[in-house]
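Me: Can you walk me through this one? I'd like the overall layout and then a few residues.

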Amino acid sequence: SVAIAMMLYGLNDNLLYFRSPTEILADADARTNNVRLGGILVEGSVLHDSKSGLVHFRITDGVSEIQARYAGVPPSLFIEGQSVIAVGRLE
């Protein structure tokens, strides 16, 4: 049991937790900090701005939505209607 406890303690630093749009919008403190946002990429919401190089999109949990933007080329698994985790800060 000690070995398992040590292993879980060691993994704790490597675990990435994410919050849903509803959780973030309900928590005023989360709005000023760096966040890991998880949800579904809303279909039809992805807009590529070639002038600025930004990609604008929305993430939902089925209840709430958060507008987001990404600088650069999105990962290959960035597909509308699929799960996505975004790491960044809220403005």
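Reply: With that, I85 sits in strand 5, residues 83–89. This is a predicted model, where local features need pLDDT of at least 70, side-chain atom pairs count only at pLDDT 80 or more, and totals for chains, interfaces and linings use all residues. Residues are numbered from 1 along each chain as its sequence is written, and side-chain values use heavy atoms, with hydrogens and water left out.

Me: Is I85 buried or exposed?
Reply: I85 counts as exposed because its relative accessibility is 51%. Buried means under 20% relative accessible area, exposed over 50%, and partly exposed in between (1.4 Å probe, protein chains only).

Me: OK, zooming out, what elements does the protein have, and in what order?
Reply: There are two helices and five strands. From the N terminus on, they run α-α-β-β-β-β-β.

Me: How much of the protein is buried?
Reply: Of its 91 residues, 24% count as buried.

Me: Which residues form the largest nonpolar core?
Reply: That core has 12 residues: I24, V35, L37, L41, V46, V55, F57, I59, I66, A68, F78 and V84. Two or more residues each come from strand 1 (34–41), strand 3 (54–60) and strand 4 (65–71). By nonpolar core I mean a set of buried Ala, Val, Leu, Ile, Met, Phe, Trp, Tyr and Cys residues joined through side-chain atoms within 4.5 Å.

Me: Switching to T60, where is that one?
Reply: T60 is in strand 3. T60 counts as buried because its relative accessibility is 15%.

Me: And what does T60 touch?
Reply: Setting aside neighbours within four places in sequence, T60 is in contact with P21, G39, I40, V42 and E65. Contact here means heavy atoms within 4.5 Å. Also, a polar atom of the T60 side chain lies 2.9 Å from the backbone nitrogen of G62.

Me: Last one, V73. Where is V73, and is it buried or exposed?
Reply: V73 is in the loop between strand 4 and strand 5. V73 counts as exposed because its relative accessibility is 73%. From V73 to G53 the C-alpha to C-alpha distance is 8.1 Å, with the two 20 residues apart in sequence.

Notes. Helices (H or I, at least four residues) and strands (E, at least two) are DSSP runs, numbered from the N terminus. A polar contact is a pair of N or O atoms within 3.5 Å; within protein, one must be able to donate a hydrogen and the other to accept it, and residues adjacent in sequence count only if both atoms are side-chain atoms.
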